[in-house]
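This report covers one protein model, beginning with a sheet and ending with a single side chain. Please keep the sequence and the 3D view open while reading.

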Amino acid sequence: MIKTERIGHVVLKVRDLERSEKFYTEVLGLTRMGRLERPPVVFLASNARDHHELGLLEVGADGGNPKPDNVGLLHVAFRLETGEQLAEAYRELKARGVTISCTVNHGVAKGIYFLDPDGNELELYVDNSAADVALFDNPYAGVEKLEFAPDDPSLIEALQG
């Protein structure tokens with residue numbers, strides 16, 4: 001059996017590399033670690049800990065939209081440290097006009113799901129305390145929306161369309 005240390009990075013396909021790099025650096029605060037012209041790709045990381053955690057590969061303006069019912073990547077999650085940071089991130093996403101898919105208290109964590117400029121789903125999350133997790137019969141089964149996001153759907157509401 002292969003025993004991996006951790007997930008090292010994710011690469012997303014995007015239509016416009018400049019637009020996407022701006023979104024990921026200005027909205028999510030990632031740092032550009034490098035760039036190639038051929039193929040057109042930019043490498044990003046949080047806190048510059050790694051050579052990259054996220055790669056963005058430009059496929060051009062005719063690239064198709066991600067489809068909810070196709071096999072493939074569902075979302076990429078970015079961890080925050082506190083609930084206050086999560087609430088502030090929600091307000092910033094709203095102020096920037098970013099599409100919010102849903103918010104949810106999963107039990108193990110609270111998260112905001114949203115779309116990048118190409119429709120790739122992303123999540124910002126914060127882990128719940130052990131005491132909060134203990135309140136759930138199944139700590140992976142929470143579906144309630146977050147208290148600071150009353151106008152956006154819960155996970156169940158988003159899945160029901």
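In this predicted model, 4 strands form an open sheet with the order 1-4-3-2 and mixed pairing. Strand 1 (10-14) and strand 2 (31-36) are at the edges; each has a single partner strand, so one side of each has no neighbour in the sheet. On average, neighbouring strands of this sheet are turned by 20 degrees against each other, direction ignored. Helix 1 (residues 17-27) packs on the sheet and touches strand 1, strand 2, strand 3 and strand 4 (54-58). The direction of helix 1 makes about 160 degrees with that of strand 4.

Strands of a sheet pair through backbone hydrogen bonds, either parallel or antiparallel. Strand 2 and strand 3 (residues 41-45) run antiparallel and are joined by 5 bridges. Across this pairing, Arg35 stands opposite Val42 in strand 3.

Is Glu21 buried or exposed? Its relative accessibility is 10%, and because the cut-off for buried is under 20%, Glu21 counts as buried. Which residues is Glu21 in contact with, leaving aside its neighbours within four places in sequence? They are Arg32, Arg35, Val42 and Leu56. With one of these, Arg35, the side chain of Glu21 makes a polar contact of 3.2 Å.

The protein as a whole has 4 helices and 8 strands. From the N terminus on, its elements run β-α-β-β-β-β-α-β-β-β-α-α. The radius of gyration is 17 Å, close to the 15 Å that the globule rule gives for 161 residues, so the protein is as compact as a globular protein of that length. Contacts between residues 24 or more positions apart make up 57% of those with a separation of 6 or more.

Further values for the protein are set out below.

| Property of the protein | Value |
|---|---|
| Span of the C-alpha trace along the principal axes | about 50 × 35 × 30 Å |
| Residues that count as buried, of 161 | 36% |
| Accessible surface | about 10100 Å² |
| Part of the accessible surface that belongs to carbon and sulfur atoms | 52% |

Key:
Residues are numbered from 1 along each chain as its sequence is written. This is a predicted model: local features need pLDDT of at least 70, side-chain atom pairs count only at pLDDT 80 or more; totals for chains, interfaces and linings use all residues. Side-chain values use heavy atoms; hydrogens and water are left out. Two strands pair if DSSP finds at least two bridges between them. Helices (H or I, at least four residues) and strands (E, at least two) are DSSP runs, numbered from the N terminus. Axes are lines fitted to C-alpha atoms, for helices over the stretch in contact, and angles run from 0 to 180 degrees between N-to-C directions. Contact means heavy atoms within 4.5 Å. The radius of gyration is taken over C-alpha atoms; the globule rule is 2.2 Å times the number of residues to the power 0.38. Buried means under 20% relative accessible area, exposed over 50%, partly exposed in between (1.4 Å probe, protein chains only). Accessible areas come from the Shrake-Rupley method with a 1.4 Å probe; for residues, only the protein chains shown count as cover. A polar contact is a pair of N or O atoms within 3.5 Å; within protein, one must be able to donate a hydrogen and the other to accept it, and residues adjacent in sequence count only if both atoms are side-chain atoms.
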